[in-house]
Amino acid sequence: MSEISLVVVGASWGGLTALSQLVAGLPGDFAVPLAVVQHRSWHADNLLASLLQDLTPLRVVDVEDKEPLEPRSIYIAPANYHMMVDDGYLSLTTDPMVRFSRPSIDVTFVSAGDAYPGATVGVVLTGANDDGARGLRHIVDRGGRAVVQDPATAEGKAMPSAALLLVPEADVLPLNEIAAHLVSITASASSRGERKVKG
Amino acid sequence: MAVQVDDAVPSAAAAVSRYDPELERIEIELLLEGIYRSYGFDFRSYAYASIRRRLWKRIEAEGLHDVSELQARVLHEPQIMERLLLDLSINVTAMFRDPSFYRAFRERVIPILRTYPFIRLWHAGCATGEEVYSMAILLQEEGLYERCRIYATDINEVVLQTAKEGIFPLDRMQEYTENYIAAGGKRAFSDYYVAKYGGVLFSPSLTKNVVFSLHNLVTDRSFAEFNVILCRNVLIYFDKTLQAKVHGLFYDSLAMFGILVLGSKESLRFSPKVECYEQFNGPEKIFRKAR
């Protein structure tokens, strides 16, 4: 298993609570950049980033186009844009909604799997739709890893269930164990204190 | 739960073992080079992840398997190039998009423009023109329109024609009306259009001082000196090198203390020109050329 360059997280309905718990559980030296796609209203402001920033010593970034990926940072996709992973940075697009969503979790996950094949972890959390399932499949098909919140612990069970249907080999964990699991599967990177992102 | 397949994902099951990102990058570069040399459309410096997604959308739609296969078809069959061109030049726009920007423009920029006897604005990459009409409405309401000349340019002749006609879909008027109100509109939005041809036709008075023209940000040069340049959500489709080049073009085309407007999630932080501008207070991407 190659080292992990990027963790991408998708959440929808119920996501604020789930993301808060996940982010609060990450240690301050969690080196691998973590990119978050949370479905929200078109006119949502930057509230999500500031809420999460209060919970972590990691840097929480409201993504702007061509934002470089850096260690110890959490990147939040803006409302009403798709966020795509490029080699070393994040690009935004205003392409049409994908199955009623913009940002779309699938769009971000697919681009992450392609930009960092074998070095991406995809995490699907709570939600009331099936966004993220196909993207997670893609990450795994590109040699990456999949983590899915145990639907029994999710406010919205539909999204993690859909992900498990397409990615049965995913690691299934209750919400309160996901942060520690991410630490352990990215450990080889974190133990050196510095994770190099290409670009 | 049924998972629909209506978006482009490479059929990965088949491609797992043989996916090679470096090889695919070569294939995409060759395809874009071929398109440029054969058809003259230059997508070589477009943002990679985004153009890759659009290419794969076309590959899936044509029932093909990889980029090289698409290349062979595109070079030999102009009708496939036409379909690909539509995929590659999707234009997403709206009237009074990001209303808080228009409000800030009214409050912060209009007072500056008032001091000018004549004002040149450039809407670069205006697509079907919704934002040009929005700005024309705002300038009329502020009593500045008669002093303005708006140059609205795009690379695509078809969308420019739509922009000139000023006919927009009826079913978006509710959204646009809400945007207009949130943008600080001073009248009834319906004052500016009449229902016609199954859509709405905007008042010809709005385009009286607008010049619609073809312009390619990738290859064409500056054509005047402007007081305001608006280019919102266009540069996000370019890679960093091309962005830097276009920022050079904008800088050269702006009068001293001229205003540059970018999309709400675009930044000058990653541009070599960042030192040349001052950003107005607040989250809006309104910059002033300062040196």
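Student: Is Asp95(A) buried or exposed?
Tutor: The model is a predicted one, and in it Asp95(A) is buried, with a relative accessible area of 2%.

Student: Which side chain does Asp95(A) meet in a salt bridge?
Tutor: The partner is Arg53(B), at 3.1 Å from N to O. This pair crosses between chains: Asp95(A) lies in the loop between strand S7 (89-93) and helix H3 (105-115) of chain A, and Arg53(B) lies in helix H3 (residues 48-61) of chain B.

Student: And Arg53(B), buried or exposed?
Tutor: Arg53(B) is buried, at a relative accessible area of 9%.

Student: Why does 9% count as buried?
Tutor: Because buried means under 20% relative accessible area, and the value for Arg53(B) is 9%.

Student: Let us turn to the interface. How many residues of chain A are in contact with chain B?
Tutor: On chain A there are 38 residues in contact with 43 residues of chain B. About 3500 Å² is buried between chain A and chain B, and carbon and sulfur atoms give 55% of that area.

Student: Which three residues supply more of the area that chain A buries than any other three?
Tutor: They are Glu64(A), Lys66(A) and Arg134(A), which supply 18% of the area that chain A buries against chain B.

Student: What salt bridge does Glu64(A) form?
Tutor: Glu64(A) forms a salt bridge with Lys285(B), and the closest N and O atoms are 2.3 Å apart.

Student: How many residue pairs are in polar contact between the two chains?
Tutor: Between chain A and chain B the count is 17 residue pairs, with both residues at pLDDT 80 or more. Several elements of chain A each supply at least two residues of the side that touches chain B, among them strand S4 (67-68), strand S6 (82-85), helix H4 (133-141) and helix H5 (158-166).

Student: What is that side of chain A made of, by class?
Tutor: The side of chain A that touches chain B has 18 nonpolar, five polar and 15 charged residues.

Student: Now to chain B itself. Which side chain does Asp98(B) meet in a salt bridge?
Tutor: Asp98(B) meets Arg232(B), at 3.0 Å from N to O. The pair links distant parts of the chain, 134 residues apart: Asp98(B) is in the loop between helix H5 (78-88) and helix H6 (99-113) of chain B, and Arg232(B) is in the loop between S7 and helix H10 (240-253) of chain B.

Student: How accessible are Asp98(B) and Arg232(B)?
Tutor: Asp98(B) counts as partly exposed at 21% relative accessibility, whereas Arg232(B) is buried at 8%.

Student: Which residues do salt bridges with shared partners join into one network?
Tutor: That network consists of Arg106(B), Arg114(B), Glu141(B), Glu142(B) and Lys186(B).

Student: And what about Glu62(B) and Arg58(B)?
Tutor: Their side chains meet in a salt bridge at 2.7 Å, N to O. Glu62(B) is buried at 16% relative accessible area, and Arg58(B) is buried at 12%.

Student: What does Phe223(B) touch, not counting residues up to four places away in sequence?
Tutor: Phe223(B) touches Trp122(B), Tyr151(B), Thr153(B) and His215(B).

Methods
Residues numbered from 1 in each chain as written. Chains lettered and ligands numbered in written order. Predicted model: local features only at pLDDT ≥ 70, side-chain atom pairs only at ≥ 80, totals over all residues. Heavy atoms only, no water. Contact = heavy atoms within 4.5 Å. Salt bridge = Lys/Arg side-chain N within 4 Å of Asp/Glu carboxyl O. Helix = DSSP H or I, 4+ residues; strand = E, 2+ residues; numbered from the N terminus. Buried < 20%, exposed > 50% of the residue type's maximum accessible area, 1.4 Å probe, protein only. Buried area = accessible area lost by both parts, 1.4 Å probe. Polar contact = N/O pair within 3.5 Å; in protein donor to acceptor, adjacent residues only side chain to side chain. Nonpolar A, V, L, I, M, F, W, Y, C, P; charged D, E, K, R; others polar.
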